[in-house]
Amino acid sequence: MVPTCRDSPLLANIYLDYVVDEWVEKERRRRNNDEVIIIRYADDLVMGFQYKTEAERYLKALNERVEEYGLKLHPEKTSLKEFGRYAEERRRKRGEGKPEGFDFLGFTYLCSRNRKGGYFLKRKTKTKKMRLKLSELKEELMKRKHAPIQQTGKWLKSVVQGHGLYFGVPGNSKALSSYRDQVVKMWLKILRRRSQKGKSLTWETFNRIVDKYILHLRICQPFPELRFAMTQGRSRMR
């Protein structure tokens with residue numbers, strides 16, 4: 001559910017703290033309902049409910065709430081989806097397909113299974129998001145085509161590491177490897193365009209450059225339940 005706001009993300013964050021966050025908290029207390037989950041970043045938000053009837057009621061009420069303040073929920077990005085631990089089983093009993101995923105903050109969220117067959121909330125880099133980032137990266141590399149390799153390498157190292165730190169979540173290793181591979185191929189292609197001499201740059205020589213500046217990306221973030229347990233542990237110690 002994404003309210004459309006023409007202001008900056010910072011202003012949207014301040015504005016929606018009152019329009020949405022405080023309103024949801026009041027609704028929780030008024031209805032004695034602790035099962036409502038809300039995660040919001042600027043004007044992007046996801047809400048979770050235990051029952052479909054609750055989700056439908058909140059969606060209707062949220063529409064009315066934001067309209068009071070001259071806002072609207074984005075018609076193409078706002079929807080109700082059956083999701084969670086039991087969604088696949090329930091849909092199978094009704095003869096329906098797998099639960100639909102949804103996109104949020106650069107990730108696509110999917111109902112999946114771990115190696116033991118248990119429920120696993122899979123998060124993978126949103127395909128459209130990665131294509132956009134790679135396109136922007138290509139443009140910047142073209143601007144740096146004639147810059148010293150060491151200079152470009154240090155810059156590229158920070159870009160790739162930043163991507164890995166954000167998207168290095170459990171279950172996303174395939175997308176991480178794909179991103180790095182495409183960056184490497186892109187850099188080689190651009191270096192070969194520098195001059196006639198650059199065209200003779202071999203993979204063997206280039207790999208030594210790559211190994212120096214572009215590290216292999218790995219999962220660096222814990223599972224959500226472990227992170228929450230650590231957070232609660234710190235809170236109790238204070």
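This is a predicted model: local features need pLDDT of at least 70, side-chain atom pairs count only at pLDDT 80 or more; totals for chains, interfaces and linings use all residues.

Me: Why is glycine 84 called buried?
Reply: Its relative accessible area is 15%. Buried means under 20%. The value falls under that cut-off, so glycine 84 is buried. Glycine 84 is found in the loop between β4 (72-73) and α3 (87-93).

Me: What does glycine 84 touch, leaving out residues up to four places away in sequence?
Reply: Cys111 and Tyr119. Contact here means heavy atoms within 4.5 Å.

Me: How far apart are the C-alpha atoms of glycine 84 and serine 112?
Reply: They are separated by 9.4 Å. Along the chain, the two residues are 28 apart.

Me: Why is cysteine 111 called buried?
Reply: Cysteine 111 has a relative accessible area of 18%. The cut-off for buried is under 20%. Cysteine 111 therefore counts as buried.

Me: And what makes cysteine 220 partly exposed?
Reply: Cysteine 220 has 43% relative accessibility. Buried needs under 20%, exposed over 50%. The value of 43% lies in between, so cysteine 220 is partly exposed.

Me: Why does leucine 10 count as exposed?
Reply: Leucine 10 has 60% relative accessibility. Exposed means over 50%, so the label holds for leucine 10. Leucine 10 lies in helix α1 (residues 9-31).

Me: Which residues make the nonpolar surface patch of about 330 Å²?
Reply: Leu10, Leu11 and Ile14 make that patch.

Me: How do you know that β2 and β3 pair?
Reply: Pairing needs at least two bridges. Strand β2 (residues 37-41) and β3 have five, so they count as paired. The sense is antiparallel. Isoleucine 39 has valine 46 in β3 as its bridge partner. Isoleucine 37 stands opposite glycine 48 in β3.

Me: Which residue takes a positive phi in the hairpin of β2 and β3?
Reply: Alanine 42 does, with phi near 55°. The hairpin has two residues between the strands.

Me: Which residues of β3 are on the covered face, and which on the uncovered one?
Reply: In strand β3 (residues 44-48), Leu45 and Met47 form the covered face. Asp44, Val46 and Gly48 form the uncovered one. Side chains in a regular strand alternate between the two faces of the sheet.

Methods:
Residues are numbered from 1 along each chain as its sequence is written. Side-chain values use heavy atoms; hydrogens and water are left out. Helices (H or I, at least four residues) and strands (E, at least two) are DSSP runs, numbered from the N terminus. Buried means under 20% relative accessible area, exposed over 50%, partly exposed in between (1.4 Å probe, protein chains only). Patches are made of residues with over 30% relative accessible area and no salt bridge: like charges are joined within 9 Å, nonpolar side chains (Val, Leu, Ile, Met, Phe, Trp, Tyr) within 5 Å. Accessible areas come from the Shrake-Rupley method with a 1.4 Å probe; for residues, only the protein chains shown count as cover. A salt bridge is a side-chain nitrogen of Lys or Arg within 4 Å of a carboxyl oxygen of Asp or Glu.
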